[in-house]
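The sequence and structure come before the account.

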Amino acid sequence: MEAANADPVRLAVLGPVRAWRGAQELDLGSPQQRVVLSALLLRLGRPVTVGELIDAVWGDDPPHAAVAVLRTYVSRLRKVLEPDRGGGSAQLIVSAADGYLADLPEEALDLTVFAQRVAEAKRLRADGRLPAAADLLHAALADWAGTPLAGLPGPLAEAERARLTEVRLNALESRLDLDLRLGRHHDVVAELAALTTDHPLRERPCRLLMLALYRSGRQAEALAVYRRARSTLVRELGVEPGAELRGLQDRILAADPSLDLAPAPGDEPPAPASAAPEGRFARPAQLPADLATFTGRTPELDQLRAQLPGEGVRPATVVINAIAGMAGVGKTALAVHWAHEIAHRFPDGQLYVNLRGFDPTGATVPPEEAVRVFLDALGVPAQRLPSGLDAQAGMYRSLLADRRVLVLLDNARDTAQVRPLLPGSPGCMAIVTSRNWLTGLVANDGAHPLTLKPLIAAEAHGFLERRLGEARLAAEPQAAEEIIERCARLPLALAIVAARAAAHPDFPLSAVAGELSESHDSLDAFAGGDLSTDVRAIFSWSHHALSAPAARLFRLLGLHSGPHISASAAAALAGLPSRETRALLGELTHAHLLMEYLPGRYALHDLLRVYAAERVAEDESESERHLAVDRLLFWYVHTAAATYPFLTPNRRQVPLPALPQDCRPLTFDTYDQALEWCDGERANLVAAVHHAVAAGRPGLAWRLTAVLWGFFYLRTHVHEWLGCARAGLAGARAAGDVPGQAWALGDVSAALAMVHRYEEAIGPLRESMDLHRRLRDMAGRAHALGNLGNLYLQTGALRKSIEYSRRGLVVDRYVGSSWGEGIALVNLGDAYQRLGLFDEATAHLEEAMTVLRALGNRWVEGITLDTLGTVHLRLGRHDDAIKHYYQAIEAHRDVGNRWGEGHTLCHLGDVHREAGEPEAARTSWRQALALFEESGHPDAEQMRERLRALGDRPPARPGSG
């Protein structure tokens, strides 16, 4: 019999997990039992499987009897929440398939009530009913009882706590924004001040606090908030504040009347063209961190400041400052300091590149590489890069047109290296540093020259004083002066000496000066006046002051060809354990012989690279140098190979050479870890490929390129991929390495196919196939055959595609390659459906699904499901097509195949259009367009055409006008 008058149950997760029946609180049992209830409540009305519940409670280490324990928890919860279960009363925890669901009214759970209030407040705000919206948000936030899911263990609770906390913060920021719009600025100052203290990296509360203070007549405090926020962002993240925060600071400084008339930062002037949705222009913030101990250079800074008009005035032409001077004189430090001082005047971003014009390894950055780095930073996908320096430089200047961007070109070799990187639009500014006179920039481009000389005596004294303290210098003034003169008043030399003295506060300065006077040498590579002999004396002295292991590591760093090095790579180079290597890197950093520019990542100053390269050549034997280079290159190859199973699971394995002794490559646990490592090491990996060829190790060059196949594909670094593949191929040919040639030719073909150069890609792949045949490498031959089938499919040669796919399928089955078999079947199915042979297409695609699911190959499974959907679409079976397309989208998302997801969304829209559902078609095509624009895919224009045909007005092509 139904208990009609029973009090309803109320539940809460926005704080400790609790439940009440009427006024009586219910005992929900142990924390683990509450996790089970929370998992059901967080997916209210939707089933949660037993496996998901076990993961929520125990994560990756469930007990053997986890299922039985879980069912006990559910049984106990039912007894508490449903004491009359079976007596006609409503069931709140319902069995559903392989799991359970919570079935209760939405108003019974505080989370759903909160979400409803926030959604209603958003609607009221859109309707202009601001007081009602604010009241509703006040009420919604008042229901929070502390940290959500407080005290609950397990991965689900941890993840949901973070998510719900972010939801609350967003609602709180919206409420405070509304309060400001309603003129309650005095009331919210204290709350905003506490919020910015608790969350110093969130920019929106800072904007709101600045506005509230300004409207309260506290302008100076508002500007102080900006300075604190900027300092925190630069220190913690190495980034500048966003355009809105910087723009608000400018408006406060200008006492903009609209700050009084318009009630919130949301009403600020339109964003610059760079932020327009149709432009898809990224706002880079690439400046290196400013030097905390920067001092002096007042006349030079005054000269630089004079090149810019007053605050708020846009320059009529591109402003170019060319800062030249001898090595070690502090050109980069001055340029970076000046750039940070004026960065707020360039709201569309700051670009930075070290052109390495005087790199001791000869690895000068060519302008075509630098401009590609800038285009990448500006959000241009590799697929959209034109070929040739002139076209790329033209695209770069077009992107900067009508925008205000600061460009810092550091360590340039000559004018030719710089000129393609100069902006072409008024309002932009370029700062160029070089050891050479860049007379061409002055004569032809209107650059303002500034020759940087060594510090004057007073500045050098101030330099040491900032680092060693006034009292220490005052105690030994004569020794301080001798140090300054021995260092030739060069900032880099002074910094090294100061680091030594600061590390040993008990050393008298006279002893430091005496050590300097005992060494007189010169850097032969810089003979001719570019460096004084004292600089090498300082380097030599600093090197000899190191512990023996640290000095050896410093010398070996001179063998590294990449722009920076990680702690793990340094350990491989030295053949030492990671922990010991990190201690040595710390010693080098503290001695100012190495810079840790990111946690665990290090770089040598150019002069120190010269010195390290000289010392390793002189102090280490040839055999030791070869062993160190081998350890490093093998480490890169084997660590990159450890990412291969995550990025390209089940693909043919690359044969690897045995590891040298004392070489410990990294391993990875997740896809994200593998991809993140490749991203961080990208420049070093590319350099390692070319270094391997130069060092007579072509086998490592082509193998490193081969194991990076998945990374290059996913990140579309096509130019680097093609360069590495061709370098590996050249090395393999020079060495007569036939297997290496076969692999490298396949990689050359794959890189060409990525940019749709299908016809050009066929030749290398056919040559690769012939080499595999000569080698009697059946697996390699099958791989080449299958890829040829795909290339002919893309070129429309469908009969040829079928021929090569069939041949590949036979060989794949013979050698037992399920990966190749699945792909061959998919290509056959696609070719048949394009020919209108739907029975043959369906048979091959369904067979492919069986193979791929047994293999766990979700990547190709998504493509297969999409092709099956297309078969059903062409047969007019709309429901079946939609089902397969949704399954394909799920598979694409599982592996992060965003291009595949975009294509399937395009096809899903086609089904809806044919079914007479234009709104559903519009939704799918808009989603597809967003994904194609994200990666610069050429099919974006097809999406725009489809949307225009529905009367829609999609955004313009990314990067246009």
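## Basis

The model is predicted, so local features need pLDDT of at least 70 and side-chain atom pairs count only at pLDDT 80 or more, while totals for chains, interfaces and linings use all residues. Residues are numbered from 1 along each chain as its sequence is written, and side-chain values use heavy atoms, with hydrogens and water left out.

Helices (H or I, at least four residues) are DSSP runs numbered from the N terminus.

## Helices α29 and α30

Helix α29 (residues 671-694) and helix α30 (residues 698-707) cross at roughly 155°, and their axes come within 7 Å. Axes are lines fitted to C-alpha atoms over the stretch in contact, and angles run from 0 to 180 degrees between N-to-C directions. The angle makes α29 roughly antiparallel to α30 (over 145 degrees). The crossing of α29 and α30 is left-handed, meaning that the near helix is turned anticlockwise from the far one by less than a right angle.

On the α29 side, the contact (heavy atoms within 4.5 Å) is made by Leu685, Ala688, Val689, Ala692 and Val693. From α30 come Pro698, Leu700, Ala701, Leu704 and Thr705. These residues divide into 9 nonpolar, 1 polar and no charged. Here Ala, Val, Leu, Ile, Met, Phe, Trp, Tyr, Cys and Pro count as nonpolar, Asp, Glu, Lys and Arg as charged, and the others, Gly among them, as polar.

## Helices α39 and α41

Helix α39 (residues 858-874) packs against helix α41 (residues 898-914) at an angle of about 15°, with the axes 10 Å apart. That makes α39 roughly parallel to α41 (under 35 degrees). The crossing of α39 and α41 is also left-handed.

Asp866, Thr870 and Leu873 of α39 meet His903, Thr904, His907, Asp910, Val911 and Glu914 of α41. The residues of this contact divide into 2 nonpolar, 4 polar and 3 charged.

## Helix α35

The 18 residues of helix α35 (residues 778-795) should span 26 Å at 1.5 Å a residue, and the end C-alpha atoms are 26 Å apart, which agrees. The expected span is 1.5 Å times one less than the number of residues.

Buried residues of α35 (under 20% relative accessible area) include Gly780, Ala782, His783, Leu785, Leu788, Leu791 and Tyr792. Among the elements covering the buried residues are α33 (738-754), α34 (758-774), α36 (798-815) and α37 (818-834).

## Glu941

Glu941 lies in helix α43 (residues 940-949). With a relative accessible area of 23%, Glu941 is partly exposed (between 20% and 50%, with a 1.4 Å probe and protein chains only). Glu941 and Val36 are 905 residues apart in sequence and 48 Å apart in space, C-alpha to C-alpha.

Methods:
Helices (H or I, at least four residues) and strands (E, at least two) are DSSP runs, numbered from the N terminus. Angles under 35 degrees count as roughly parallel, over 145 as roughly antiparallel, 65 to 115 as roughly perpendicular and the rest as oblique.
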